[in-house]
Amino acid sequence: MALPENRKLVAGNWKMNGTLAFLDTVAEMRVGAAGGLAEADLLVCPPATLVSAVATALDGSAIAVGGQDCHAETSGAFTGDIAAEMLADCGATHVIVGHSERRQYHAEDDATVAAKLRAAHRAGLVAIACVGETKDEREAGNALAVVRAQVEALLDDTITGANTCIAYEPVWAIGTGLTPTVDDVAQMHTSIRETIAARIGTDEAARLRLLYGGSVKPSNARELMAAADVDGALVGGASLNAADFLAIARAC
Ligand code: PEP
């Protein structure tokens, strides 16, 4: 399903977790989100092997389905890779690009991430582009500048509030249980919004959803989601549990 703008979005990134047995958890999510949640839109991003089955299991529900990565090309000799068009063909409406684990383990640079973002748009998918600083970059006082450069590398005149979300995910907060302070999150999100506005205009930038990601749990979601310029969450570990995932969405 296509998600409306200007509501919070809670997206689950299952990473390399889940087999067909996980459809039981998907069924729990479907029941828990029946009729849609008042607080947020929901999206799950299973591994590519499950996109089709999860999209079928969630058909007609309030939960959309996305991929975790896509190739920049439409087709060709790219063994093991998946085109954005293939994800769309399986029922995906969104795709994550530039997750820090892709940047780190697959050497994806800003230019590669930008090409994947455009591929997502070409296929009619909403791109969720991830940015974020490392621990060393934050400790050196460079977090804002690093993230600004990552965001600028993604921007062109085709970016809209409808076709793109940006997920701010400090690398040191992913899977560690650590989170930035609420003030740090707000400062970063405001800076990201200003960077986007400088390129596509204030009104369009206001429509583009900025997600926070990094150790979001039911216990900290309310505080993080209330921070200025936070329009939702990208959730890793806690999105593998239906009750936790729905509790995060209800905390928005
Ligand atoms: C992620 O991988 O996008 C993520 C935010 O992970 P976690 O919630 O487990 O920190």
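The largest cavity is lined by Gly98, His99, Ser100, Arg103, Cys130, Val131, Gly132, Glu169 and Ile174, a cavity being a set of points on a 1 Å grid over the protein atoms alone where a 1.4 Å probe fits but cannot get out, and lining residues having an atom within 4 Å of a point. The model is predicted, with local features requiring pLDDT of at least 70 and side-chain atom pairs counted only at pLDDT 80 or more, while totals for chains, interfaces and linings use all residues. Residues are numbered from 1 along each chain as its sequence is written, and side-chain values use heavy atoms, with hydrogens and water left out. A search of the whole structure finds one cavity of 30 Å³ or more, and the largest cavity holds about 50 Å³ of space, where a volume is the space filled by probe spheres set on grid points joined across faces, edges and corners. Helix α4 and strand β5 (126-131) each supply at least two residues of this lining; helices (H or I, at least four residues) and strands (E, at least two) are DSSP runs numbered from the N terminus. By class, the cavity lining divides into three nonpolar, four polar and two charged residues, with Ala, Val, Leu, Ile, Met, Phe, Trp, Tyr, Cys and Pro counted as nonpolar, Asp, Glu, Lys and Arg as charged, and the others, Gly among them, as polar.

Strand β5 also contains Ala129, which is buried with a relative accessible area of 0% (buried means under 20% relative accessible area, exposed over 50% and partly exposed in between, with a 1.4 Å probe and protein chains only). The C-alpha atoms of Ala129 and Ile166 are separated by 4.9 Å, although these residues are 37 residues apart along the chain.

Ile166 is also among the residues with the most contacts inside the largest nonpolar core, together with Leu42, Val44, Ile192, Ile196 and Tyr212, in a core of 68 residues. Helix α8 gives the most to this core, with seven residues. A second, separate core of 13 residues includes Leu9, Leu43, Ile96 and Cys130; a nonpolar core is here a set of buried Ala, Val, Leu, Ile, Met, Phe, Trp, Tyr and Cys residues joined through side-chain atoms within 4.5 Å. The buried residues of α8 include Val185, Met188, Ile192, Arg193 and Ile200, and the helix is followed by Gly201, whose phi is positive, near 100°.

The largest pocket, an open set of grid points with protein on both sides within 12 Å along at least five of seven lines, holds about 510 Å³ of space. Of its 21 lining residues, Lys15, Ala48, Gln68, Asp69 and Arg102 lie nearest its centre, and the largest share of the lining, three residues, comes from α4 (residues 100-105). This lining comprises 10 nonpolar, six polar and five charged residues.

Lys15 lies in the loop between β1 (8-13) and α1 (23-32) and has a positive phi of about 55° although it is not a glycine. Ser215, in the loop between β7 (209-213) and α10 (218-225), likewise has a positive phi, of about 60°, without being a glycine, and Ser215 is buried, with a relative accessible area of 14%. Most residues other than glycine have a negative phi.
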